[in-house]
Amino acid sequence: MSIYLTRRDRLQGGPTLDPVTLWRYNVKARLRLEFCFHRVTGNTDVFEQQWAHEELLCRVTGGEIKELCQQFPHGITDQVIQNDMPHLEPQQRAMAINKLLSLGQLDLLRNSSGLLYRMKDMQSTSKMKGSDNQEKLVYQIIEDAGNKGIWSRDIRFKSNLPLTEINKILKNLESKKLIKAVKSVAASKKKVYMLYNLQPDRSVTGGAWYSDQDFESEFVEVLNQQCFKFLQSKAEAARDSKQSPMVQRNSSFATSHEVWKYICELGISKVDLSMDDIETILNTLIYDGKVEMTVIAAKEGTVGSVDGQMKLYRGVNPVIQPTGVVRTPCGLCPVFEDCHEGGEISPSNCIYMTEWLDF
Amino acid sequence: MTAQEVRLCGLLLQEHFGEVVAKVGTHLLKSGAQNLRTIIHETGISLDLVKKSLCVLVQHGTCVFSSGRKAPGSPTEYRTSCDRILRILRYPRYIYTAKTLYGDTGELIIEELLQRGDMTMSSTVKTVADRLTQNMEEGRSMDYSEVSSAFSKLVETHFLQRCPPMAGAGTKDSGTPATPATPAIPGTPAAPVSTAPPTPESFPDCYRVPHVTLIGRGKRRLSNEDGEDQRNAKKTKMDSETHGDEGIYWQVNFERFHLHFRDQAIISAVANKLDQTSSEIVRTMLRMSEVTTSPTATCTKPLSANEIFRSLPSSYNIPRPILDQYLTLLVDDPMEFVGKAGESGGGMYVVNLHKALANLARATLESVVQERFGSRSARIFRLLLRKRHLEQKQVEDFAMIPAKEAKDMLYTLLSQNLVQLQEIPKTPDYAPSRTFYLYTVNQLPTARMLLQNCYKTVANLIERRLFESKESKRLLEKSQRIEAILASLQASGAEPEQLTEVEEMITAPEKQQLEALRLHINKLDSAENQVDETIFLLESYVNSTMSVY
């Protein structure tokens, strides 16, 4: 067939080829076709019988290694491959392994006892088709960072690639929509990269209180006021009810769940707030000295209980009136330390006192 | 004995006793114990005046003398302490308390004793009766027995106590009650005395009222103004009737008043935090343990619920189970005013005095931070008080304040020394990038610092008051003269035209100025009293922590 093809070509005046070479190509193509067909149908043994008879024309090695890998999902060492295919020479074994590695179907790992080969996930290999090694490496690192994302400098440390390369690769991956950049709330100039479909972690975006890296103080203030009003009105209602003091006190308590429901129903928040968020707001009220908290044991299953406990909040009155010293100008004076008799700032010529006395 | 305290004491002494005493007093405060010759040498004041000043100070209990340290025979040394002088600031409060508890009689007794330092019972009674009679209508006069009974009541509740007798001071002439004009000179102690002055309480007769025969009524003063004082002084000298209580001098028991103030503070705090009924219960508990609890006790003696129920004032008709509920609520309150000490007798309850004081001091600190720096800084302050040590980031997260503002506020508080920084190194070389920096608030040192600030504030207010009076001295003198002229004209029956003519000598703007001046001085006075309340709370708190150790 090849002789005919070459003669014909020569007569037609086209590019000529040595018949032997042509014949070799044909054989190779045919073998490849057969091999693929048999591999797909799972009949590699049949193929071996037909064409790899006495190992004249070709040899099936890579597939066996792949099968071995599939058998041992956490990786096989060189030793295992050798045991399984004793007829294979080390050189050929190495060639087959290299081919599989370059095709991206095998993962090379190192453990305490030597090198390990592991089967790569078919999905991820399909994604990276067409990317080169470096990109794959960078993608790997970003994937490992998971939810929290990773900073470009850390990527550089882990991959030992120069900065320009990293930037190019990152731009590439971003355009392919495989990764995305998220601005961290802790340092506004820092960008962390994470996989495209992952939700950034709360520590990066700051959770419900941040919108676009800005702490929403007015939102927090509004929530603060509302919670306090709710608890205060509850306490007043309890006080006016004129029942026995124990009942009064107990009815002035509100669980964190109740407060959460009230706030949700008020609808002042665009974002969904969890009970933990409400508890942080209530804690700020405690630090304001307007509210006190107790924890009681609650049955599992009662609404709002966490681990068998419930937190109760109650509005309280301050213990003392503003103390005496702050009613004088000296108590609030910004230059208190500099004030001496006979000096520039002294009680005799204090302007704050003059204003206060004429008040 | 800080600089601020010394300054304040100097001002107080100057106001109450004059320049010379103030000089001697401050000198003694600054230099500790000294003998007579050193004082004269260092202050440059003549022997006579120094002696008189020392007498005044001893009379009022501010100065104590003891034999020299070097050898038993060395000259006596005189020593003052700040506390006693700072009490002068609180005199108005003592007098007011006595008025609320024991009426006008009590008020005048305390006032006399505070002014004179110490007096015998008989002289006090006589003087007070005279004063009361003066203010009564014509034809009525105050009986001595009423005043004596008020006196005895004061002694029973320990508001008055006997002065400790001086050891080896037999030569002291104690016949005449000492007045500031003719002080009794302390006798030279021949025998060595122990270095620590005996406390009044160490004498068993401290609160025993002597048997005094006092029969008579108060004498109305004649309406002769000028010769009046001298005549009175002469009268007392000639009054050589003995009443059986010579040598027994009484003084005001400041500690007892302080306990009373402390109780008041706790009761009002409970009323603010809970409700009126709970505060009544706490008041009853404190009243029952008034004389059984020592001043430095951490909590009162346990009282059973039955006793409390029986001692409640009858106007509060609450049934027994409700009382139990109130007590339980008091115990459960996070402020921990009341604690439960046992189950016998229906539940034994104590009032936690030291804890209550600590809570009140903490509330004071928080209020100062709030008024001075704003409510968000107060939030950070309270947060640090609760959580002890926190990092910068944690402070921002807990307080829900944006990072920039939180940083600003923390640094302001740090610069005012209200908040401290604690460094915890990770590496031995304290490198800043590898150290934890934690913010913390220490309540006791902060309270002390605030106390010193309060002393400085009061000193500033006093100085301003003196300055204002000095500025308008001319005006004040003029108004005084005019008043004197008016009064004399009225007494000698002048016509209305003359009176109006004299009145018009003060022009309208001057009148306005006088009014404004009066207002200013009143304001400054009341401000001093208000700051004194804070001083009292902080002092009690600091003292309560000291007595534990």
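Across the interface of chain A and chain B the rule finds three salt bridges. A salt bridge here is a side-chain nitrogen of Lys or Arg within 4 Å of a carboxyl oxygen of Asp or Glu. This is a predicted model, in which local features need pLDDT of at least 70, side-chain atom pairs count only at pLDDT 80 or more, and totals for chains, interfaces and linings use all residues. Residues are numbered from 1 along each chain as its sequence is written, chains are lettered from A and ligands numbered from 1 in the order in which they are written, and side-chain values use heavy atoms, with hydrogens and water left out.

## The interface

B:K273 pairs with A:E292 in a salt bridge, at 3.6 Å from N to O.

Several helices of chain A supply at least two residues each to the side that touches chain B: α12 (217-240), α13 (245-251), α15 (275-287), α16 and α17 (351-357). Of these, α15(A) gives the most, with five residues. Helices (H or I, at least four residues) and strands (E, at least two) are DSSP runs, numbered from the N terminus. By class, the chain A side has 26 nonpolar, 15 polar and nine charged residues. Ala, Val, Leu, Ile, Met, Phe, Trp, Tyr, Cys and Pro count as nonpolar, Asp, Glu, Lys and Arg as charged, and the others, Gly among them, as polar.

The contact takes 50 residues from chain A and 49 residues from chain B. Contact means heavy atoms within 4.5 Å. Together the two chains bury about 4600 Å², with 61% of it on carbon and sulfur atoms. On the chain A side, A:Y287, A:V319 and A:L357 lose the most area to chain B, together 17% of what that side buries. Buried area is the accessible area (1.4 Å probe) that two parts lose on being put together, summed over both.

A:C330 sits in helix α16 (residues 329-332) of chain A. Its relative accessibility is 8%, so A:C330 counts as buried. Buried means under 20% relative accessible area, exposed over 50%, and partly exposed in between (1.4 Å probe, protein chains only). Leaving aside neighbours within four places in sequence, A:C330 contacts A:F336 and A:M353, plus B:T457 and B:N460 from chain B. The C-alpha atoms of A:C330 and A:Y352 are separated by 8.4 Å, and these residues are 22 apart along the chain.

## Salt bridges beyond the interface

A search of the whole structure finds 34 salt bridges over all chains. Some of them join up: A:E292, A:R314, B:K273 and B:D333 are linked in a network.

| Pair | N to O distance | Relative accessible area |
|---|---|---|
| B:D333 and B:K273 | 3.3 Å | B:D333 4%, B:K273 10% |
| B:D104 and B:K99 | 3.7 Å | B:D104 46%, B:K99 37% |
| B:K393 and B:D397 | 3.6 Å | B:K393 45%, B:D397 41% |

The pair B:D333 and B:K273 meets in a salt bridge. This pair links distant parts of the chain, 60 residues apart: B:D333 lies in the loop between α13 (320-332) and β8 (338-342) of chain B, and B:K273 in helix α10 (residues 254-273). B:D333 is buried, and B:K273 is buried too. B:D104 is partly exposed, as is B:K99. B:K393 and B:D397 both lie in helix α16 (residues 392-399) of chain B, four residues apart, about one turn of the helix.

## Chain B

Chain B has 21 helices and twelve strands. Of its 549 residues, 47% count as buried. Among contacts in chain B with a separation of 6 or more, 67% come from residues 24 or more positions apart.

B:T105 is found in helix α6 (residues 91-116) of chain B. With a relative accessible area of 15%, B:T105 is buried. Not counting residues up to four places away in sequence, B:T105 touches B:V128, B:L132, B:M142, B:V147 and B:A150.

An unreviewed UniProt entry lists residues 365-441 of chain B as "domain: DNA-directed RNA polymerase III subunit RPC3 winged-helix". UniProt positions are given in the numbering used here, feature names are shortened, and annotations may be inferred rather than shown by experiment. The span is 56% helix and 18% strand, and its end C-alpha atoms lie 11 Å apart.
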